[in-house]
Amino acid sequence: MAVSKPLSDIPGRLAWMAKQGIDKQVVGGWVDMFGYELPGAEAEAWARLANDCMLSAVEAETRFVPLATVPLGDGARAASVLKDAIKAGFRGAMIGTLPRGPGSTLDAKDLDAFWQAADETA
C-alpha cells in the first residue's frame, strides 16, 4: 500500500503550511495501519516501530506535534507503549474507536490500564 504523496512529502507540507499561515500541525498515523488486529507482542512491536518512524520523520521540525500509536488490543501493552512514547517526545496518542474490530468498545475492562496511563501522562 502506498501512502499518498501529500501525506509523506514533508517539504511540500511545510510549504503548504506556510502559505496557509499555519504555525503548528498535529500529525499522527493512519488509523488503518495501527495494527490492532495483530497478536499482542507483534502489535506492540508494530506500534513501537511506527512511533520510532514518526519521531524520526518529524524530530528536526518543531512545527509538527506528533501523536503516537498504541497497541490498543491489549490495555497493558498500550499503557506501556504510551508511557514510553510520552517520554520520547510525543504529546499524546491517536487511537481508533474499534480496538478489536466491529462490536468492540473503548470501555473494555482490560483497557483500564491504558486509560490510567493516559490520565497519568496528561
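Helix α3 gives the most to the lining of the largest pocket, with six residues. Helices here are DSSP runs of H or I with at least four residues, strands are runs of E with at least two, and both are numbered from the N terminus. The model is predicted, so local features need pLDDT of at least 70 and side-chain atom pairs count only at pLDDT 80 or more, while totals for chains, interfaces and linings use all residues. Residues are numbered from 1 along each chain as its sequence is written, and side-chain values use heavy atoms, with hydrogens and water left out.

The pocket itself comes next. Its volume is about 650 Å³. A pocket is an open set of points on a 1 Å grid over the protein atoms alone, where a 1.4 Å probe fits and protein lies on both sides within 12 Å along at least five of seven lines; lining residues have an atom within 4 Å of a point. The volume is the space filled by probe spheres set on the points, which are joined across faces, edges and corners. Lining the largest pocket are 25 residues, of which L7, G28, G29, W30 and M54 are the closest to its centre. Two or more lining residues come from each of α1 (5-8), α2 (10-20), β1 (25-27) and α3 (40-58). By type, the lining holds 17 nonpolar, six polar and two charged residues. In this count Ala, Val, Leu, Ile, Met, Phe, Trp, Tyr, Cys and Pro are nonpolar, Asp, Glu, Lys and Arg are charged, and the others, Gly among them, are polar.

The structure holds eight of them, each a side-chain nitrogen of Lys or Arg within 4 Å of a carboxyl oxygen of Asp or Glu. E44 pairs with R48, their closest N and O atoms being 3.0 Å apart. Both residues lie in α3, four residues apart, about one turn of the helix. E44 is buried at 15% relative accessible area, whereas R48 is partly exposed at 25%. Buried means under 20% relative accessible area, exposed over 50%, and partly exposed in between, with a 1.4 Å probe and protein chains only. In another salt bridge, E61 meets R63 with the closest N and O atoms 2.7 Å apart; E61 is buried at 16% and R63 partly exposed at 31%.

K83 and E120 also form a salt bridge, at 4.0 Å from N to O. This pair links distant parts of the chain, 37 residues apart, with K83 in α4 (residues 75-88) and E120 in α5 (residues 112-121). K83 is partly exposed at 36%, and E120 is partly exposed at 47%. Salt bridges that share partners join E44, R48, D74, R77 and D84 into one network.

The largest nonpolar core has 13 residues, with V70, L72, A78, L82 and F114 making the most contacts inside it. Such a core is a set of buried Ala, Val, Leu, Ile, Met, Phe, Trp, Tyr and Cys residues joined through side-chain atoms within 4.5 Å. α4 and α5 each supply at least two residues of this core, and α4 gives the most, with four. Leaving out residues up to four places away in sequence, L82 touches V70, A93, F114, A117, A118 and T121, where contact means heavy atoms within 4.5 Å. A second, separate core of 10 residues includes L14, V27, L55 and A85.
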